[in-house]
Amino acid sequence: MPDSAVWWPFVVMVAGALATYVWRALGVALSGRIDPRGAAFEWIACVAYALLAGLIARMILLPTGPVAETALGLRIAAAAGAFVVFFATRRNMLAGVGAGVGLLMLLSWRW
Amino acid sequence: MGDGGSSRDYGGRRQAAWAGARRAVGVPALVLGASFIGFGALVQQVGLSLWHALFSTATGWALPGQVALVELYSVGASLAVIAAAVALTNARLLPMAVTLMPVIRAPGIPRWQYYLVANWVAVTAWVAAMRDCPAMPAEQLLPYFAGMSCTLWAVTLVTTAIGFALAGRVPAIVTLGLVFINPIYFMLVVAADVRTRTRVLAALFGAACGPALYLLTPGWSLLLTGLIAGSLAFVTGRARIWQD
């Protein structure tokens with residue numbers, strides 16, 4: 001690895017950590033002074049959910065790395081299976097994640 | 001009981017910290033641990049080092065932001081775009097910290113201690129603390145939360161390393177499974193979490209925009225998805241409220 005490939009990710013991660021901590025610190029500072037159910041927070045929540053859903057959809061539909069070598073249909077089937085098991089087991093996270101991951105491994109091993 | 005309803009009295013600050021640590025071990029640590037195994041595997045797969053993986057978990061402890069950061073780094077997004085996308089992903093920590101503080105605040109404890117534990121405000125410990133803390137004596141609140149979140153933090157550091165070590169060493173199909181943990185985990189977290197119509201719309205618009213914008217501009221896609229799809233859902237939800 002060249003030097004910059006070692007230290008540059010650390011710089012990126014420090015920036016990421018600051019961008020994360022600033023919300024936590026602001027939360028402490030503003031606690032009791034603002035209403036967390038106000039319109040501004042609702043907008044922030046919408047942006048955060050949309051961004052996260054966009055990331056998830058991209059990671060499943062247009063993945064990079066090893067997942068990219070599996071067929072799109074298998075990934076969608078695995079995600080659907082995770083959904084079904086999660087809600088059928090009364091929102092058991094371990095069962096849902098296990099089903100999704102297990103299905104993808106099983107399907108891509110068989111096909 | 002009867003005096004404020006301290007039905008969860010652990011007898012002292014030290015005991016409360018241990019009780020918090022014990023509370024963390026179990027299903028919360030298992031689920032969180034598995035997702036950080038996925039994170040470690042992801043970091044290994046994009047060609048970063050173990051120290052990058054551990055540094056990210058140690059400092060920026062909030063998995064969605066960490067995953068977004070690594071994904072954006074791997075497609076060559078700029079520092080400013082990555083920082084902005086991580087900030088928007090983690091903006092949900094602000095209302096979480098706002099609602100947690102009154103629950104763990106006690107008289108006589110210096111303010112800096114709250115700024116310190118604020119770094120461990122994350123969904124798993126938040127849910128548990130919001131449920132347990134109202135029934136505890138004031139002086140035990142902060143130790144309980146600190147004991148619980150430090151334990152979860154330690155677990156995630158260890159499992160980040162485990163995921164990194166496993167990826168690439170185990171058969172390819174297992175690495176595949178490890179890297180697939182987080183998209184599935186986040187998908188279920190969001191599905192279980194969106195209760196209002198507006199937030200369901202935000203998740204659906206985001207899921208539609210994310211891949212489409214990624215094809216146009218990989219580096220900017222997350223930021224644009226959040227702002228466009230999120231604002232669209234917010235406005236649609238508001239319009240509905242005004243109509244009613």
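How many Å separate the centres of domain 1 of chain B and domain 2 of chain B, taken over C-alpha atoms? Keep in mind as you look around that this is a predicted model. The answer is 25 Å. To find the two domains, follow the numbering of chain B: the domain assignment puts domain 1 at 13-193 and domain 2 at 195-244.

Now let's see how these two domains meet. On one side, domain 1 of chain B brings 11 residues to the contact, and on the other, domain 2 of chain B brings 7. If you're wondering where to look on the domain 1 side, go to helix H4 (63-74) and helix H5 (79-89) of chain B, the elements that give two or more residues each to it.

Next, zoom out to where the chains touch each other. Here 63 residues of chain A and 82 residues of chain B take part in the contact. Stay with chain A for a moment and trace its helices. Helix H1 (3-30), helix H2 (39-61), helix H3 (72-88) and helix H4 (93-110) of chain A each put at least two residues into the side that touches chain B. Which of them gives the largest share? That's H2(A), with 21 residues. Sorted by class, the side of chain A that touches chain B is made of 47 nonpolar, 12 polar and 4 charged residues.

Methods. Residues numbered from 1 in each chain as written. Chains lettered and ligands numbered in written order. Predicted model: local features only at pLDDT ≥ 70, side-chain atom pairs only at ≥ 80, totals over all residues. Domains from an automatic or database assignment. Helix = DSSP H or I, 4+ residues; strand = E, 2+ residues; numbered from the N terminus. Nonpolar A, V, L, I, M, F, W, Y, C, P; charged D, E, K, R; others polar.
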